[in-house]
Amino acid sequence: MEKSKQLTRRSFLATTALAAGALAAASAAGCSSVDTSGDAADNAPAPEESYYISTCRGNCGGRCALKATVREGKIVSTMPLVFPKEHEGVQVGCMKGVTNPLRLYGPARLQYPMKRVGERGSGEWERITWDEALDMLAEKMQAAIDEYGAPSICWQLGAGNMYSYLNNAPVIYWNSATSFSSGFGVSRLAQKLGVTMLSVGDDMAGIIFNFILLKTPTNALEDIANAKTILSWGSNPAEASFCRSAWHWISKAKEENGAKLITLDPLYTSTAAHSDEWVPVRTGTDSALMCAMANYIVDNDLANWEFVKNKSVAPLLIDENGAYLRLSTLGKAEAGSEADGVLVWDEDAQDFVLHTESTNPAIRGSFDAEGIKVRPVFDAALENIAPFTVEFAAEECGIPAEQIERLARTCATEGPTTYYINYGLEHTYESWRVYYPAALLASLTGSVGIPGGSYRGSISLDHSTTTMFKAPVKLDLSNLAIEDAKPCKTITGDYLVEIMETGKWAGEDYPVRVLIIQTCNPLDNFSGPMKLLEAYEKIDFICTVDTIMTTSAHWSDLLLPAAMPWESIEFTQGGIYGQKAIEPIGEAKADFDIIRELSNKLGLTDLFPMDGEGYLRAMLDTPENLEAGLGFDAYSKNGVIMGDYKINVYQGQESNALGRTQFYLEVMPPRDNWGQTFPLQDRLPYYKKSIEAYADNPDREKYPLYGFSNHDLYHGQSLWIHNQWLDDYRTVDGKPFCRIHTEAAAARGIKTGDTVRIYNDNGTCVLKALVTEGIRKDSVWVPHGFAWDEFDEGFAQALTRWCPDPVTSNSNYNDWICEVEKI
C-alpha cells in the first residue's frame, strides 16, 4: 500500500495546506517516475530512430498531426509535421504538443490498476491486477443494475480523446437526443445496458447557440484575410490552441489588406499586444457592450439597412408572446405545411406579405393582423436593448464611452468586419445571451456571408479548408449502433449536485450508485468543484479511467490506467491515423480494450466481435475510400495521406429554416429540460448581470476583484499537469502564479514572486504573484490546467462557483469574485 497527497473534503473546505510530494509517493503504487536529467555517455553511438504519426488526442479542439521520434523503444520527441513555406496556413502544432514525452513518462502517469484502501481522498492505494479491477467494477455495476436499474450507473464523458473514433467516448451536445457518433467501446456498451450518460458543460453556451439554436454560419478560416476590421472577441488566436490556426490569416489581413485588429479581453494577451487597439472589457459584460454598440449604430444611422431588412429576421412579425405571424394564423394555410410561411408588413403593398416575397418590409411600428397586435422583431429588439446605452456600457464594462463609440463606428464604416468570436466570452451565468446581440451587430453591419464578413470564429483545425491531407470520402459508422439498444438518458454532469442532493431529476426519482469517469476530469475542469465533490461523497462507487493522476482520479475508488497516443491505434477526424509506436507504459490499456474486457466480465461476450483494428478497418474500408486509396491499410501505413495543396475559401450562408440571420428565437429549447420556459425578453438581445461578477455586487466590499482564466501557449486542459517542460515557462519559482495589476498589487503590498492567497466563499488557492500592467485593475487571472497537488494550498478551480445556466447548462467558471492577500 502506498499513500499519496491527501485530498479530503475537509481539507478542501477548511483550506488547510495539502501535503507535498504526492506523486513521488504514489509512483511505487501506480504512477510513473522518469529521469529528466538528460545525461548520456559522451561518446555513445547514435541510436536508430523510427517515426510515427498521431495527435495529442486532447480536448483543445486541435487535430495537429505530430511525428514522434522513437529511440531505443522510447518516444523522445513529438513535433508537428513540417510543410513547405509556400503552402501557407497548413502548419499547426503548439508548445503543449511538443511536450507529449513528458505526458507519457511524467510523474503523474498512471501505470497500473489501483484500488482505494483508505478514505476517499486519503491517497492510500493498492496495486491490483486487471482481472481484480474489472471484476470489482463489473460487480458494482451489476449490483446497481439489479437493485436500481441501469440508469443508476452514470458514465461521465468528456473530450479527453476528442475527434477520435475508437478510444473516444460519445461527445454529446444536445442532451434531449443522445447521439452515439464516436467511441466504439463506450457507445456499444452504454446502449447495451441503458446507462445514464453525463455530458460536459464546457463551452456549451457557444456550441448550443452557434450550432443548434441560431445555426450561426462561418466563413472559411482563410477568408479572414479579406477583412478590413477584425474583432478578436473571446479569442486569443496568437497563442490559444483552439483558434491559433486563424493567426496566420489575421496577420495576412493586417499585412496585405491593411486590416485593423481590435482585441476585446480583460487580459493583455499576445493577441492584444499585436492589435491596433486593446479593449479591456470587464468579465461578463460583453452583452452590455454589444447592445450599446448596436444602439449607437442605429442612433447614428450607420446600419446596413438593406441587409437588416432583407437578410435578417428584423422585419418578421411577432405577437405579444413572441409567436411569428404566419399564414396559418390568418387562416390562409394549414399550420406546419410548406405553404405556412412567416409574414412581414410590406410598405409598398400596405399588406401582410410572406417574408420571401416582400420588396420593402417594415422593420419598425405596430400592426393589427385581424385583431392580433404584431410588430417586427427589430422593433422588439430595439425596445429590449434600449436601457443599454453607451453611457450604461461604459460604466458596466469599465471602458470609456469614447472607446465604445469608436468601436461601433469602426465596425459599421470600416468593413468588411469579421467578428472573430470564440468561447472565451461565454463563461458567466448570463453569457449565453451574447449570441443574440452578436447576430444583431452582424446584421447591422452586414457582416454575414461576404468576403471578410462573418460573426463566428472559424477554427478549421481538421484541415478541412487549407490542407494537404486527404480525408476519407465516406466512413461506415454503423458499428456505433447495436441491435436492441436500450435508451440512454443524457444529463449534464454538473447536475449531479442537484441529483445527489434531492434524489431526483426533472421531478422523477433518480438514484445514482456508480459513477464511471472516462475521457473527462470534472474536479479539475468543471465550475464549482467543491459542490461536485460533495455530490461525489454520496455516490457508492467511483471508477476513473485515465492516463494520469488527476484530482478526479484521486477522489475515486478504483483507477484504471489508459493508454496514451502512440501507445495504441486510433483514427482522428480530418484524416489522421494514430500509429502505435511503443507498448503502453506499465500495464496501461487502450480505452477500447478496457471497455471490451469489462463487457466480458459483465457476461456480454458477444458485444464486441472484433478488436479495435477490426472496427477501424470496417469504418475506413468503404467502397468509396478503397477506390480513392484511402482505406485502413493506406492510413495505418502512412499516418496521413498527402494530397495536393489547396485553399478552399468560402463564405458561409445562413442555413436555418428562415434563411435569415437570427437575433431572435421563437422558441428556445433548453439543453437539459426539466420544464423550464423562457419569456420574450430572453429570446432577444439583452444584457443581464452575472451572479457574482458584476460591478455593483454588494459582496465586492469583501471580494473586490473579478477572477477569470484563459488558454494560452502553456495553459489549457489538465492533460498537461506535472509537465516540467511547460512548467519552465508557466511558473514563478517553480509554482503556479496569478496575474494581478500593478495598482491592485501595490494596495496589498504584493510584488512579483510573493506567495499570495486568493480566496472567496467558494474556496481558496495559494500560489505565486506576477504583477503586471497587462490586466484590468479590478481583476485577477488564475491559471487553468494545474492539478490540486501543484498548489501549496487549495487549487485554482476551487475558486469557481457552481452555476450551470438553465438554457445551455454551461460551465461558467469565470463568474466569481475574490480577494488576494500576501502571506
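A residue counts as exposed when its relative accessible area is over 50%. Glu-72 reaches 72%, so Glu-72 is exposed. This is a predicted model, and local features are read from it where pLDDT is at least 70.

Glu-72 sits in the loop that links β3 (66–71) to β4 (74–80). Its backbone stands out too. Phi of Glu-72 is near 50 degrees, a positive value in a residue other than glycine.

## Other backbone features

Asp-203 also has a positive phi without being glycine; the value is near 65 degrees. Asp-203 belongs to the loop between β8 (196–199) and α7 (204–213).

The peptide bond between Gly-415 and Pro-416 is cis. Omega there is about 5 degrees. Pro-416 lies in a loop as well, between α14 (401–413) and β17 (417–421).

## The chain as a whole

The chain holds 25 helices and 34 strands. Along the principal axes, the C-alpha trace spans about 85 × 65 × 60 Å.

Of the 823 residues, 63% count as buried. The chain exposes about 29900 Å². Carbon and sulfur atoms supply 47% of that area. Now take the contacts with a separation of 6 or more: residues 24 or more positions apart account for 75% of them.

## A buried helix

Helix α12 covers residues 377–385. Eight of its nine residues are buried, so α12 is largely enclosed by the rest of the structure. The cut-off for buried is under 20% relative accessible area.

The buried set in α12 consists of Val-377, Phe-378, Asp-379, Ala-380, Ala-381, Leu-382, Asn-384 and Ile-385. What do they pack against? Their partners include three helices by name: α10 (286–299), α11 (305–311) and α15 (435–444). Strands β12 (317–318) and β16 (372–376) are also partners.

## Helix α5 against helix α20

Helix α5 (residues 130–148) meets helix α20 (residues 591–601). Their axes come within 9 Å and cross at roughly 60 degrees. The crossing is right-handed.

On the α5 side, the contact uses Trp-130, Asp-131, Leu-134, Asp-135, Leu-137, Ala-138 and Met-141. An α-helix has 3.6 residues a turn, so residues three or four places apart point the same way. On the α20 side, the contact uses Ile-594, Glu-597, Leu-598 and Lys-601. By class, the contact of α5 with α20 has seven nonpolar, no polar and four charged residues.

## Helix α13 against helix α14

Helix α13 (residues 390–397) packs on α14 at an angle of about 115 degrees. The axes of α13 and α14 are 8 Å apart. This crossing is right-handed.

Val-390, Ala-393 and Ala-394 make the contact from α13. From α14 come Ala-401, Ile-404 and Glu-405. Which classes do these residues fall into? Five are nonpolar, none is polar and one is charged.

Conventions:
Residues numbered from 1 in each chain as written. Predicted model: local features only at pLDDT ≥ 70, side-chain atom pairs only at ≥ 80, totals over all residues. Heavy atoms only, no water. Axes fitted to C-alpha atoms, helices over the stretch in contact; angles between N-to-C directions. Helix = DSSP H or I, 4+ residues; strand = E, 2+ residues; numbered from the N terminus. Left-handed = near helix turned anticlockwise from the far one by under 90°. Contact = heavy atoms within 4.5 Å. Nonpolar A, V, L, I, M, F, W, Y, C, P; charged D, E, K, R; others polar. Buried < 20%, exposed > 50% of the residue type's maximum accessible area, 1.4 Å probe, protein only. Areas by Shrake-Rupley, 256 points an atom, 1.4 Å probe, with all protein chains shown as cover.
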